[in-house]
Amino acid sequence: MPPPLLVDADATLGRNPRADVGDGGVTALLERMDRVGVAAALVGHSWSRLHDPATGNALVSRLVAGRPRLAACWTLLPPGTGETGGPEEFARSAREHRVRAVRAYPADHGYELAGPDAAPMFAALAEAGLPLLLDAPQAGWPEVEALARRHPSLPVVVGRAGYRVLRRVAGVLERTGNVYVGTADLSSHRGLEWLAERFGPGRLVFGTGMPERDPAESVTRLLWSELPDEAVAAIGTGTLATLTDLDGLT
Amino acid sequence: MSAQTPAWPSPGSPALDVLDRRTPPPEFVDAHAHLGPYSLFFIPDHGAADLVRVMDRCGVARTLLSSHLAIQCDAAAGNDATAAAVAAFPDRLAGYLVVNPWQDPVAELSRWAGDPRFAGIKLHPSLHEYRLTGPRYRPVWEYAAERRCPVLTHTTSGLPYDDPAMVGEVAGRYPEVTILAGHSGLFRAGFDDAIEVARRHPNVVLELCGSFMHGDEISRMVGEVGSGQVVFGSDVPFIDLRMSLGRVIFARLSEADRRAVLGGTMRRVLATAPRAA
């Protein structure tokens, strides 16, 4: 069986103010991907998180244009202030720009993940078939569960969970069907195998967190896992392909 | 590709084994690991047999470990657990004797003196809330100096218990003791401090596990202090063994440096010391 295709659902372009990750450019990202065997990536931009989401979204779409291995991942804000547009407008524009997933940073951006302010945006994402990507430190697991229950057709992928969270994650995965775990910094020893055996590889989405995190972590962990080839392939690409359109990327 | 750029992965690189999902030959040495459950969070598999099975999967020949019971709660009972695990897998595991400064260090050192199951000593000053430079640790340094056994200490940059500068202080006091700076300061800003300590003290070795470590930092450390002062550690079963290993396997290192970090340097450290304890 050939090596599984790896599509990274957690990569970022742009400078990082708290770590030396280089210039954050497309060339450097592609070099990192090549080094560890990642075929394609959904990429956000650090400006969307740390400067201005609307500006960062436009920038990342420009940067990935003409790059067949990269697809843009935009960041949303609650619609009340109009910064990233109204819900339908945002979702329609994302689709027009071939955005494959949307990120939210509720802790950094000052709103409640499961509150009423951002709810119309999440409903619009679900309607448009766009999954939501979250970093675990951005919201508590009860909030993630509340969001998933409120929007049962919205896939919610939670990455960067660390190594101290399986007691919380297990309950949320049991009680919901639309919460997924990203593999960037999913670092409990044999946690990947435990989650895949208990909940199925269809609840796990490959991500690296690069360049802030070393992509070699997620790649080595998955490829040297004790999981069967089919499960490795599902985590590497298959699960994400069920959540969003990967046409043209893989 | 220019003539100056080596092919990647270079022939023989373990990166090829990762990318092909092959099991590599058993040659790596893990200088920082643990064993057993931990109260703060769930660990799916934390037993010695589970660990050896995963070591087999990814080419780790030998692991040096201390039990979670020893570092978190009860050094004496935990050292018993470490010794039992090593006895079950004597060719694959070696123990660190945990010395808790509040739990009669002299008695614990005496109890295990000469026991071949222990290859070194493990200190966790920030967990035990006692500074690395404090007098309660004096018996440890004297013991390690006499027996030429390595001491692995946790380090956390910026904490009053085990900042890298404190490693430098004890390394200067006991130049005959090899001190492994666990996590190399732990935080990114702390890596610079740990590198500086290792540059000043040839008896300090940078150990690489931790949630903020990155292959780019590993390359930098080797470039700054040489692969003879850098060793791979995983922190398994806190952290997945393969995550920590992957950072070294894919780091921008010569294959000679990679082999040293992944085992050669730690083998040399152990060879200069009779079994510790």
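**Conventions.** I number residues from 1 along each chain as its sequence is written, and chains are lettered from A, with ligands numbered from 1, in the order in which they are written. Since this is a predicted model, local features need pLDDT of at least 70 and side-chain atom pairs count only at pLDDT 80 or more, while totals for chains, interfaces and linings use all residues.

**Chain B, overall.** I looked up the secondary structure and found 12 helices and 8 strands in chain B. Helices (H or I, at least four residues) and strands (E, at least two) are DSSP runs, numbered from the N terminus. The radius of gyration of chain B is 18 Å, close to the 19 Å from the globule rule for 277 residues, so chain B is as compact as a globular protein of that length. That radius is taken over C-alpha atoms, and the rule is 2.2 Å times the number of residues to the power 0.38. Along the principal axes, the C-alpha atoms of chain B fill a box of roughly 60 × 40 × 35 Å.

I then checked burial: 56% of the 277 residues of chain B count as buried. A residue is buried if 20 or more other C-beta atoms lie within 10 Å of its own, exposed if 12 or fewer, and partly exposed in between, with C-beta atoms placed from the backbone. Of the contacts in chain B with a separation of 6 or more, 77% are between residues 24 or more positions apart. Two residues are in contact if their C-beta atoms, placed from the backbone, lie within 7 Å.

**Strand 3 of chain B.** I looked at residues 93-98, where 6 of 6 residues are buried. Leu93(B), Gly95(B) and Leu97(B) are buried on one side, and Ala94(B), Tyr96(B) and Val98(B) on the other. Strand 2 (residues 60-67) runs parallel to strand 3 of chain B and is joined to it by 3 bridges; two strands pair if DSSP finds at least two bridges between them. Thr63(B) stands opposite Leu93(B). Strand 4 (residues 118-123) of chain B is also parallel to strand 3, with 4 bridges, and Lys122(B) is the bridge partner of Val98(B). With helix 5 (residues 105-112), strands 3 and 4 of chain B make a right-handed β-α-β unit. Right-handed here means that, with the strands pointing away from the viewer, the path from the first strand over the helix to the second runs clockwise.

**Interface.** I found 30 residues of chain B in contact with 24 residues of chain A. Helix 1 (14-19) and helix 11 (241-249) of chain B each supply at least two residues of the side that touches chain A. Helix 11 of chain B gives the most, with 7 residues.

**Chain A.** I traced 8 strands in an open sheet in the order 1-2-3-4-5-6-7-8, with parallel pairing. Strand 1 (7-13) and strand 8 (204-205) of chain A stand at the edges with a single partner strand each, so one side of each has no neighbour in the sheet. Strand 6 (residues 156-159) and strand 7 (residues 179-182) of chain A run parallel and are joined by 3 bridges. Val158(A) stands opposite Val181(A) there.

**Arg147(B).** I placed this residue in helix 7 (residues 138-147) of chain B. Arg147(B) is partly exposed, with 18 other C-beta atoms within 10 Å.
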